[in-house]
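My notes follow the display.

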Amino acid sequence: MSTSLRITEIFHSLQGESNTVGLPTVFVRLTGCPLRCQYCDTAYAFSGGLMYEQEQVLKEVASYAADYVTVTGGEPLAQQACWPLLTALCDAGYSVSLETSGAIDIALVDKRVIKVMDLKTPASAEMNKNLLANIALLSAQDQVKFVICDREDYIWSKQKVQEYDLQDKVADVLFSPSKDQLDAKELAEWILSDKLKVRFQIQLHKYIWGDGPGH
């Protein structure tokens with residue numbers, strides 16, 4: 001298997017989401033995605049990018065002296081070389097997380113990698129891309145994320161949490177308001193009213209740096 005990767009950017013920032021929010025993290029953003037979610041904030045990663053060999057990636061990641069590495073996209077698993085990269089990062093001693101849409105089989109992802117898997121809601125316009133068989137492959141260290149655009153999305157997400165017993169299956173269930181589509185306070189109040197045992201999150205990096213590459 002080739003270890004060459006098309007990469008949009010490698011950068012050092014604070015983790016803006018998930019249960020390591022706020023921690024200094026190196027992000028490796030792979031180019032390309034088979035989905036077109038209507039709220040996507042990384043459309044710049046759909047194409048372009050530069051070719052890297054795995055060793056180049058590891059060298060650049062090491063230059064930031066961080067403990068945490070997040071491999072993201074686009075959809076990173078759309079490139080087959082993502083799998084050996086994840087393993088190499090784990091072997092190098094990093095705490096590694098993978099941000100994936102859940103549309104591609106995660107069976108071969110290194111077991112040491114923390115998977116942060118999206119379940120696409122109705123308003124995402126890509127709900128039909130959910131590969132629900134992936135849920136059975138999640139472990140107690142993993143996380144499931146719902147980006148919620150409206151009340152219908154919220155109700156759908158609650159149902160999926162219950163249907164798949166996600167609160168007991170994974171480390172965290174993440175509910176995030178789609179920026180500029182759902183007021184964060186409104187989602188927070190729904191969660192509290194229903195006494196849901198989920199982790200509310202906003203995209204911290206956007207509140208610090210705004211939209212765009214490099215954060």
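**Salt bridges and burial**

I looked up K129 and found it partly exposed, at 31% relative accessibility; partly exposed lies between buried (under 20% relative accessible area) and exposed (over 50%), with a 1.4 Å probe and protein chains only. Its partner in a salt bridge is E126, with the closest N and O atoms 3.3 Å apart. I take a salt bridge as a side-chain nitrogen of Lys or Arg within 4 Å of a carboxyl oxygen of Asp or Glu. E126 is buried, at a relative accessible area of 7%.

I note that the model is predicted, that local features need pLDDT of at least 70 and side-chain atom pairs pLDDT 80 or more, while totals for chains, interfaces and linings use all residues. Residues are numbered from 1 along each chain as its sequence is written, and side-chain values use heavy atoms, without hydrogens and water.

I next checked D118 and K120, whose side chains meet in a salt bridge at 3.0 Å, N to O. D118 is buried at 8% relative accessible area, and K120 is buried at 6%.

I then turned to D194, which forms a salt bridge with K158, the closest N and O atoms being 3.0 Å apart. D194 lies in the loop between helix 5 (184-193) and strand 9 (199-200) and K158 in helix 3 (residues 151-163), so the pair ties together parts 36 residues apart in sequence. Helices (H or I, at least four residues) and strands (E, at least two) are DSSP runs, numbered from the N terminus. D194 is partly exposed at 30% relative accessibility, and K158 is partly exposed at 26%.

The structure holds 10 salt bridges.
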